[in-house]
Amino acid sequence: MEKYEAAVLVKHRAFVQLKTALQEMMPADIAQLLSELIEEQDEFGEKEFTLIFRVLPKELAAEAFTYMDSDLQMVLINAISDRELRAVLDELFLDDTVDIIEEMPANVVSRILKATDPDKRKQINELLNYPEDSAGSIMTTEFVYFRKEDSVKEAFERIRSVGVVKETVYTCYVTDNRRLVGRVSLLDLVVADEDAVIEDIMDSTVVSVYTHDDQEAVANLFAKHGLAAIPVVDKENRIVGIITFDDVMDVIREENAEDMAMMSAVMPSEESYFKTSVWKHARSRIIWLLVLMLSATLTGAITNHFEAQIAAIPLLVSFMPMLTGTGGNCGSQSSTMVIQGMAMEEIRLKDFFKVVFKEFRIAIICSVILSAVNFGRIVLFYHDVKIAAVVSVTLVGTVILSKLLGCMLPMLAKKIHIDPAIMSAPLLSTLVDSCSTLMYFTIALHVLDFPA
């Protein structure tokens with residue numbers, strides 16, 4: 001259904017047709033439709049927004065609510081009654097409720113907690129106490145578990161009684177005095193005899209994470225083992241929750257957005273581009289811009305130091321942008337590959353010298369080819385073999401230096417617990433610019449005949 005069609009149906013109070021059309025849509029599409037209506041339809045306000053939400057069936061309304069951004073959720077929470085809010089929250093999984101609470105101001109959080117039942121409120125408070133970006137902060141306590149002595153028949157009875165309110169029933173977990181001892185899939189239960197004991201059909205090799213493990217490490221485990229869910233245990237190996245693949249998808253998106261921001265020399269922000277004010281955008285960028293600008297003055301100081309040589313042979317200046325640009329490009333290639341490899345856990349800190357040696361060999365090949373092409377170009381156009389030699393030798397050194405710095409700096413940052421994405425293109429390019437300029441004029445002093 002198009003947003004214009006929905007607006008017309010609301011305007012004419014055709015709620016039966018509106019409900020029928022909405023029921024044929026996916027929850028994420030409904031959330032997107034409501035967002036577009038609020039943003040693009042001048043006559044569409046909070047009242048109309050609430051009317052559409054109220055015609056949705058209870059389960060569909062709750063699911064669509066989880067896909068809305070925090071602003072829309074806050075508008076809706078303020079517009080509906082406590083009874084309606086309680087009905088929505090009752091349909092939400094616990095981890096979704098926690099995610100919503102973390103985005104809301106204090107007065108809205110108070111209303112949400114007030115609308116939840118005491119048991120759920122206690123679980124929410126426990127999850128909120130886990131460190132940010134930890135496995136405990138993104139897990140849900142709504143999962144299906146069996147005792148190892150249960151029969152398959154008893155397992156199915158448990159699934160029928162509690163499965164409808166659990167996050168997933170496709171993977172269930174087996175406990176012994178609350179300690180995680182195995183897992184069993186729904187397929188395992190279906191093909192097994194109903195009198196079989198869970199202990200006999202369970203898989204005792206379970207990949208699990210601790211409550212305080214970093215969420216990025218959890219995402220890597222999902223990718224490595226192809227998991228749909230992973231159990232979260234405490235230090236005594238007692239299962240306290242699970243993390244499902246949809247939560248990990250959110251983590252991957254957040255981590256990628258953060259890395260992209262850092263690699264572009266922008267401080268990460270949790271808000272979207274249009275919802276971030278101009279002042280916040282400027283504030284997130286100006287710090288790095290100041291750092292890069294001030295560090296770039298080093299290149300200017302080096303150039304000023306060789307002012308006499310530049311005055312004697314002005315042609316030297318024309319090759320500086322090519323040298324610094326090539327160095328920056330080579331360094332960003334290496335840093336991007338290494339940062340990506342570390343994010344995928346393909347490259348580890350113990351591989352430091354292995355990576356450095358590999359990048360050194362790559363740099364040798366690339367620099368020789370680039371220098372040969374550049375040497376021929378300068379000789380052809382400027383007929384000066386000495387300057388061609390100076391630029392080509394500098395280019396070899398610049399490429400090798402930039403690729404080595406590009407692979408080493410992210411790994412060193414990881415070693416001292418700094419985000420490797422910081423050591424990316426902007427900062428690396430500034431550093432390489434200064435080094436390549438100094439190298440260029442130093443080589444020129446020893447090769448070219450400058451007038452006294």
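Reader: Which class of exposure does glutamate 91 fall into: buried, partly exposed or exposed?

Author: Glutamate 91 has a relative accessibility of 32% in this model, which is a predicted one. Buried residues lie under 20% and exposed ones over 50%. Glutamate 91 therefore counts as partly exposed.

Reader: With which residue does glutamate 91 form a salt bridge?

Author: The closest N and O atoms of the pair are 3.8 Å apart, and a salt bridge requires a separation within 4 Å. The partner of glutamate 91 is lysine 58. The pair links distant parts of the chain, 33 residues apart: glutamate 91 belongs to helix α7, and helix α5 (residues 58–67) holds lysine 58.

Reader: Which helices does the salt bridge of arginine 54 and glutamate 84 link?

Author: The closest N and O atoms of arginine 54 and glutamate 84 are 2.8 Å apart. The two residues are 30 residues apart in the chain. Arginine 54 lies in α4 (residues 46–55) and glutamate 84 in α7 (residues 82–91), so the helices linked are α4 and α7.

Reader: How many residues apart in sequence are the parts that arginine 183 and aspartate 203 tie together?

Author: The side chains of arginine 183 and aspartate 203 meet in a salt bridge of 3.4 Å, N to O. Arginine 183 is in strand β3 (residues 179–185), whereas aspartate 203 is in the loop between α14 (198–201) and β4 (209–210), so the parts tied together are apart in sequence by 20 residues.

Reader: Which residue of β6 is the bridge partner of proline 231?

Author: Strands β5 (residues 229–233) and β6 run antiparallel and are joined by 5 bridges. Strand β6 (residues 239–244) is mostly covered, with 6 of its 6 residues buried. In β6, the bridge partner of proline 231 is isoleucine 242.

Reader: What value near which phi lies does asparagine 237 take in the hairpin of β5 and β6?

Author: The hairpin has 5 residues between its strands. Asparagine 237 takes a positive phi there, near 65°.

Definitions and conventions
Residues are numbered from 1 along each chain as its sequence is written. This is a predicted model: local features need pLDDT of at least 70, side-chain atom pairs count only at pLDDT 80 or more; totals for chains, interfaces and linings use all residues. Side-chain values use heavy atoms; hydrogens and water are left out. Buried means under 20% relative accessible area, exposed over 50%, partly exposed in between (1.4 Å probe, protein chains only). Helices (H or I, at least four residues) and strands (E, at least two) are DSSP runs, numbered from the N terminus. Two strands pair if DSSP finds at least two bridges between them.
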